[in-house]
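Student: I'm new to this one. Please walk me through it, in short steps.

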Amino acid sequence: MTDQTYQPTLSQLRAFVAVAEYRHFGTAAARLTVSQPTLSQALASLENGLGLQLIERSTRRVLVTAAGMRLLPQAMATLEAADRFVASATGDGLGGVLRLGIIPTVAPYVLPELLPELRRKLPNLMPQVVEDQTARLLDGLRTGVLDVALLALPTDAPGLVEIPLYSEEFVLVTPRGHELSGRTDLSVPALADLPLLLLDEGHCLRDQTLEVCRAAEVHPGAVGDTRAASLTTVVQCVAGGLGVTLVPEMAVAAETARGTLDTARFAAPAPGRTIGLAYRASSARAEDYEYLAAVIRSKRPF
């Protein structure tokens, strides 16, 4: 039975939300920058105070109980309100810790300009950057582990607000001297039968590239077992003659400077993607995130 006088601490609620998100005590502790025993103790104290089991533990897996699923949205809302309180106390709308998720095909090209700009315009802000694939960033938003995420839109995820920031075209990157090098009038069907290199499963750029091909009923050529976890690796495989690839506009300058590469561009309307900022619809910081979006727009790298 719950002690009616019991008041959970924010640390206990953060422990619960983090474990519910990652389903792994070690990962949750690392995300919160606390030791695993400290995390476990905070969660146990919360469960004891409530008289409820929130997390089911075993040697093989971690599960959220029915009671935990019922209370998780309220725990997230409480943490959101506490973060808003701290931010308001700074005298600046955006202050304190901001947990910012970014997809890997955006982070390396935006952060070098964005982070100094955030320090200049928002000196009380303490960004914590989490680079990860879209699905895990969306999970982080839903469970309160992240405040906002910079990713490709639309996400089609319920309960989120999306702020479009900018659109960018895809550029074909080829080995030096390729038959398509330098073209500015490509059509998507020109990709037919080309050995198109892709990022590994889980990266949204992979899905976007395949969707471009599907929409035009194009079937790229086989590329064997080549697999890459980063855009840099994919581009270097192109430089080595293994195939061609589609690269977002913001990444072209940085990635093509590293090897003997050429580019080709599509005729209008060129295939591309929209990048935006997403946050929970339940958040009380909508005005702050609109300002953050404006700062990001001002520092896009192209």
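**Loops, strands and charges**

Tutor: Let's begin at Pro-269, which lies in the loop between strand E8 (261-264) and E9. Helices (H or I, at least four residues) and strands (E, at least two) are DSSP runs, numbered from the N terminus.

Student: What kind of peptide bond joins Ala-268 and Pro-269?

Tutor: A cis one, with omega about -5 degrees. Before we go on, two notes. This is a predicted model: local features need pLDDT of at least 70, side-chain atom pairs count only at pLDDT 80 or more, and totals for chains, interfaces and linings use all residues. Residues are numbered from 1 along each chain as its sequence is written, and side-chain values use heavy atoms, with hydrogens and water left out.

Student: Got it. What joins Leu-153 and Pro-154?

Tutor: A cis peptide bond, with omega about -5 degrees. Pro-154 is in the loop between E5 and E6. Most peptide bonds are trans, and most residues other than glycine have a negative phi.

Student: Is Asp-156 buried or exposed?

Tutor: Exposed, because its relative accessible area is 69%. The cut-offs: buried is under 20% relative accessible area, exposed is over 50%, and partly exposed is in between (1.4 Å probe, protein chains only). Asp-193 has a positive phi too, about 70 degrees. Asp-193 lies in the loop between E6 and H7. At 63% relative accessibility, Asp-193 counts as exposed.

Student: New topic. How many disulfides are there?

Tutor: The search of the whole structure finds zero. Take Cys-204: the nearest cysteine sulfur, that of Cys-213, is 15 Å away. A disulfide is a pair of cysteine sulfur atoms within 2.5 Å.

Student: Which residues of H7 are buried?

Tutor: Cys-204, Leu-205, Arg-206, Gln-208, Thr-209, Val-212 and Cys-213. Their cover includes helix H6 (134-143), strand E5 (148-153), strand E6 (160-175), helix H8 (231-239), E7 and strand E9 (272-280). Contact here means heavy atoms within 4.5 Å.

Student: What should H7 span?

Tutor: It should span 16 Å, because helix H7 (residues 204-215) has 12 residues at 1.5 Å each. The rule is 1.5 Å times one less than the number of residues. The end C-alpha atoms are 16 Å apart, which agrees.

Student: Now E7. Where is Thr-245?

Tutor: In strand E7 (residues 245-248). Thr-245 is buried, at 3% relative accessibility. Both faces of E7 are covered: Thr-245 and Val-247 are buried on one side, Leu-246 and Pro-248 on the other.

Student: What does Thr-245 touch?

Tutor: Beyond its neighbours within four places in sequence, contacts include Val-171, Leu-197 and Val-234.

Student: How do E6 and E7 pair?

Tutor: In the antiparallel sense, over four bridges. Leu-246 in E7 is the bridge partner of Leu-172. Strands pair if DSSP finds at least two bridges between them.

Student: Last topic. How many salt bridges?

Tutor: The structure holds 13. Each is a side-chain nitrogen of Lys or Arg within 4 Å of a carboxyl oxygen of Asp or Glu. Side chains of opposite charge can pair when their charged atoms come close.

Student: Which residue does Glu-168 bridge to?

Tutor: Arg-273, with the closest N and O atoms 2.8 Å apart. The pair links distant parts of the chain, 105 residues apart: Glu-168 in strand E6, Arg-273 in strand E9. Glu-168 and Arg-273 are both buried.

Student: What does Arg-142 pair with?

Tutor: Asp-139, at 2.3 Å between the closest N and O atoms. Both lie in helix H6, three residues apart, about one turn of the helix. Arg-142 is partly exposed at 37%, and Asp-139 is partly exposed at 32%.
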